[in-house]
Amino acid sequence: MAERAHYEELVRQFSAFGAVKREMNRMMPADCHSGSAAVLTLLSRHGDMRMSRLAELLSVDMSVTSRHVAHLAERQWIERSPDPADKRSRILRLTPAGREQLDELFRRSTQLLAERLNDWSDDEVDRLAELMARLRDSFGDSRTVPRPASPALEQTTRTPAST
């Protein structure tokens, strides 16, 4: 396991990474903010789903999810239809217009990354993608269930007892 200083540097880098995300968000269409993009991406990746599942995947409250869904439905990027198994619930589905919007978002994001990383080698870009995927996998699907602190990390961050 890495030493505490390495994790502290990661924390600093994650904080600074907010600037990258903000710039990526600024190049998005005005009516498609990051929350909308996240919903479109999840529906594309996971297929049709109930709003409760979407809220779980987004790790946000149902009221926030409902606002995102209403925004997207107004633009006809998603549709809400009754769940055949439970008429009180709605199934969310990406529409062809939503697929086009998502394709445009990916095009813009890809273009921005290609511009900003134009002095990186293909191997460096591949390595970054590999490490980011590994980092994401390390967190697994723990978005809705907090995991206890790792005993190994606790040992590396504990202050030695005074003698």
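Val125 is partly exposed, because its relative accessible area is 33%, and the class covers values between buried, under 20%, and exposed, over 50%, with a 1.4 Å probe and protein chains only. The model is predicted, so that local features need pLDDT of at least 70 and side-chain atom pairs count only at pLDDT 80 or more, while totals for chains, interfaces and linings use all residues. Residues are numbered from 1 along each chain as its sequence is written, and side-chain values use heavy atoms, with hydrogens and water left out.

Val125 has its place in helix α6, where helices are DSSP runs of H or I with at least four residues and strands are runs of E with at least two, numbered from the N terminus. Together with Phe17, Val20, Trp120, Leu128 and Met132, Val125 forms a nonpolar patch on the surface, with about 470 Å² of accessible area. The elements that give two or more residues to this patch are α1 (4-26) and α6 (122-139), and α6 gives the most, with three residues. Accessible areas come from the Shrake-Rupley method with a 1.4 Å probe, and for residues only the protein chains shown count as cover.

Helix α2 (residues 34-46) has 13 residues, which at 1.5 Å a residue should span 18 Å, and its end C-alpha atoms are 18 Å apart, in agreement; the expected span is 1.5 Å times one less than the number of residues. Among the buried residues of α2 are Val39, Leu40 and Leu43, and their cover includes α4 (62-74), β3 (86-94) and α5 (96-116). Just after α2, Gly47 takes a positive phi of about 85 degrees.

| Residue | Contacts, including |
|---|---|
| Leu40 | Cys32, Leu72, Trp77, Ile78 and Leu105 |
| His68 | His33, Gly35, Ser36, Val39 and Leu58 |

His68 lies in helix α4 and is buried, with a relative accessible area of 15%.

Terms used. Patch = residues over 30% accessible without salt bridge, like charges linked within 9 Å, V, L, I, M, F, W, Y side chains within 5 Å. Salt bridge = Lys/Arg side-chain N within 4 Å of Asp/Glu carboxyl O. Contact = heavy atoms within 4.5 Å. Lists of a residue's contacts leave out its neighbours within four places in sequence.
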